[in-house]
Amino acid sequence: MPGICCTIYSKAIMSDNRTKKERLFKQIGISTLLIIVLTSFDKILAIIKEILIAHRFGISAELDAFNIAYTVPGLLILICSSAIISSFIPLYIGFLQHQSLKKAENFSRILFYISCLFFLLLTLLSVLLAPYYYPLIGYGFEKNQQELG
């Protein structure tokens, strides 16, 4: 998936017969638009997730336990994904300008696989450590709610 998107994006930029500065501005504009679209899609999915969870649990102790349990992994993933997103585009554009298209595609593919592995490990670690941090952030809950979380 990342290879296909990056290839289409890169070929559209590389085939352009403009000056290097104009191509750079076009790359930045396309990158910015792509981030806006993907961020908007992410927010829409988050709203749908909240609606589905509220429909399933309603106003309940289970929903409170879920929200607290979701806080730490969600926050960690938000911080890490923001760092990856903000560093990926300048690095990718640098690869396109100073290296070949093939190296830029390889870079994006490797970063995608490493990110998937990293987020999987981060999720597993947050699940394994939940019994230790959950009582700290869910300190007002009863014992059964803490066990649920």
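**Core and helix packing**

Modeller: The largest nonpolar core has 7 residues: Phe-88, Ile-89, Tyr-92, Ile-93, Leu-96, Ala-104 and Phe-107. Such a core is a set of buried Ala, Val, Leu, Ile, Met, Phe, Trp, Tyr and Cys residues joined through side-chain atoms within 4.5 Å, where buried means under 20% relative accessible area with a 1.4 Å probe, protein chains only.
Modeller: This is a predicted model, so local features need pLDDT of at least 70 and side-chain atom pairs count only at pLDDT 80 or more, while totals for chains, interfaces and linings use all residues. Numbering starts from 1 along each chain as its sequence is written, and side-chain values use heavy atoms, leaving out hydrogens and water.

Biologist: Which helix gives the most to this core?
Modeller: H3 does, with 5 residues. H3 and helix H4 (101-137) each supply at least two; helices here are DSSP runs (H or I, at least four residues), numbered from the N terminus.

Biologist: And how do I read a helix pair?
Modeller: Two packed helices are described by the angle between their axes and the distance between the axes. The axes of H3 and H4 cross at roughly 160° and come within 9 Å. That makes H3 roughly antiparallel to H4 (angles over 145 degrees count as such).

Biologist: At what angle do H2 and H3 pack?
Modeller: Helix H2 (residues 20-57) packs with helix H3 (residues 61-98) at about 170°, their axes 12 Å apart. That makes H2 roughly antiparallel to H3 as well.

Note on methods
Axes are lines fitted to C-alpha atoms, for helices over the stretch in contact, and angles run from 0 to 180 degrees between N-to-C directions. Angles under 35 degrees count as roughly parallel, over 145 as roughly antiparallel, 65 to 115 as roughly perpendicular and the rest as oblique. Buried means under 20% relative accessible area, exposed over 50%, partly exposed in between (1.4 Å probe, protein chains only).
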